[in-house]
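Below is a short briefing on a single protein chain. Look at the sequence and the 3D structure first, then read the points by topic.

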Amino acid sequence: MMNRLLNKLLRRHISTWQLAGFVLANLCGMTIVLTAVQLFTDIKPFFSGNDSFLRPGQVVVTKRVNSLGTLTGASPAFSQKEIKRLEQQPFVKSLGQYTPAMFSVFATIGSQSMGMEFSTEMFFEAVPNQYLDVTTDKWYYDPDSDDVPIILPRAYLNLYNFGFASSQGLPTISEKLAGKVAVRLRLTGSHGVKLKTGRVVAFSRRLNTILVPQDFLDDMNSLLSPNRQPEAARLIIETDNPADERIAQYLKEYNYDTEANDADASKTAGLLRIVISIVMVVGLIISALAFYVLLLSIFLLLQKHTEKIDNLLLIGYMPSVVARPFHLLTIVLNVVVLVVALVVVVLLRQWYLPMFGDLYSPFQPSAFLPTLLIGLGILILVTLLNYVAITRKVSTIWHMHE
């Protein structure tokens, strides 16, 4: 009887348009919040992928070479004190070192039997993998194999194709073809010689050096030149904003130079983060306002029927029983909003994911689970707040006669 009475009161006096307005407002807020969460989750590869154009900026720092240093033979390498001091600067997120090879490298391509053989002296360096701007499953060192993966600057290939090859009438080389060419390497140090076979596995846009895996270079340095300790002549720092004025001031103060920076990409990434944050805040505000509208609607409904609810309480019905229909109403509305919002997010995701794939070929969409969990968390939070508010209002009516 109690449930039928309250349901009848709800059907007669609650405004359908009022509830529809709440549902629409809450749906907009929930959709914006969940879309922003899913969008932020999906674009993480743009910020974290090694070859992403929106990665945090990287700056390569070197000591300035001058005539006095050349005459005195002063080393351009950084001391541990200088490295530690730079690492502690507020604009530095992380710092890595270029490790140089302490042995000579002689490379040969082709053979005399083929009628074409190129040989040259070259050098190797290594950086921690986190600073690479390429992604390849071939970037590893196997101590039991003679194969060595190599990363070359893309500028080297461009110089050959559009400068040397065109002027000498030689054929141009694509990246795919370059990866199939074996390079015979002769590594010579004070303690022996090692023969290896190098293969180009990728081309770097940012790192202007010839890279080999860090563990390979460490092994060869200790094996071929154990008496020489490698010193870092170049440092690579990761920063949120390579255009930060503090970086320029620090470089000027300590007479350092920088090879290049990624200011434009970093600004784009920062702007994208700000936009997503603003969208999420706007969604939360809309959701909060929609929650307030629902709460106000329930309060008005309870206020209209204070006398009837009071009578029901006086004849023996518990406050929890009287409040139950209002709790069910809010739960049903909140669940409907969440389900519809999730459907809308899925549809929006199907629209923008192909565009992300076009922008960044290695892009892989993230899981939908985080968005679902956040949506359920918001649903539980809002439902609990509604439950507490309705229960307190009914309890207030219950205690009016005490």
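**Briefing on the chain**

Ala202 is found in strand S9; helices (H or I, at least four residues) and strands (E, at least two) are DSSP runs, numbered from the N terminus. Ala202 is buried because its relative accessible area is 10%, where buried means under 20%, exposed over 50% and partly exposed in between (1.4 Å probe, protein chains only). Ala202 and Ile150 are 52 residues apart in sequence, and their C-alpha atoms are 7.3 Å apart in space.

This is a predicted model, in which local features need pLDDT of at least 70, side-chain atom pairs count only at pLDDT 80 or more, and totals for chains, interfaces and linings use all residues. Residues are numbered from 1 along each chain as its sequence is written, and side-chain values use heavy atoms, with hydrogens and water left out.

**Confidence**

- The chain has a mean pLDDT (the predictor's confidence in each residue, from 0 to 100) of 76, and 70% of its residues reach 70 or more.
- Confidence is lowest in helix H4 (residues 67–72), with a mean of 49, and highest in strand S6 (residues 125–126), at 92.
- Where pLDDT is low, the predicted coordinates should not be read in detail.

**Salt bridges**

- The whole structure holds three salt bridges, each being a side-chain nitrogen of Lys or Arg within 4 Å of a carboxyl oxygen of Asp or Glu.
- Glu82 forms a salt bridge with Lys63, and their closest N and O atoms are 3.0 Å apart.
- This pair links distant parts of the chain, with Glu82 in helix H5 (residues 80–87) and Lys63 in strand S1 (residues 57–63), 19 residues apart.
- Arg234 forms a salt bridge with Glu125, and their closest N and O atoms are 2.4 Å apart.
- Arg234 in strand S10 and Glu125 in strand S6 are 109 residues apart.
- Arg234 is buried, at 12% relative accessible area, and Glu125 counts as buried, at 11% relative accessibility.
- The side chains of Lys196 and Asp146 meet in a salt bridge (3.8 Å, N to O).
- Lys196 lies in strand S9 and Asp146 in the loop between S6 and S7, so this pair ties together parts 50 residues apart in sequence.
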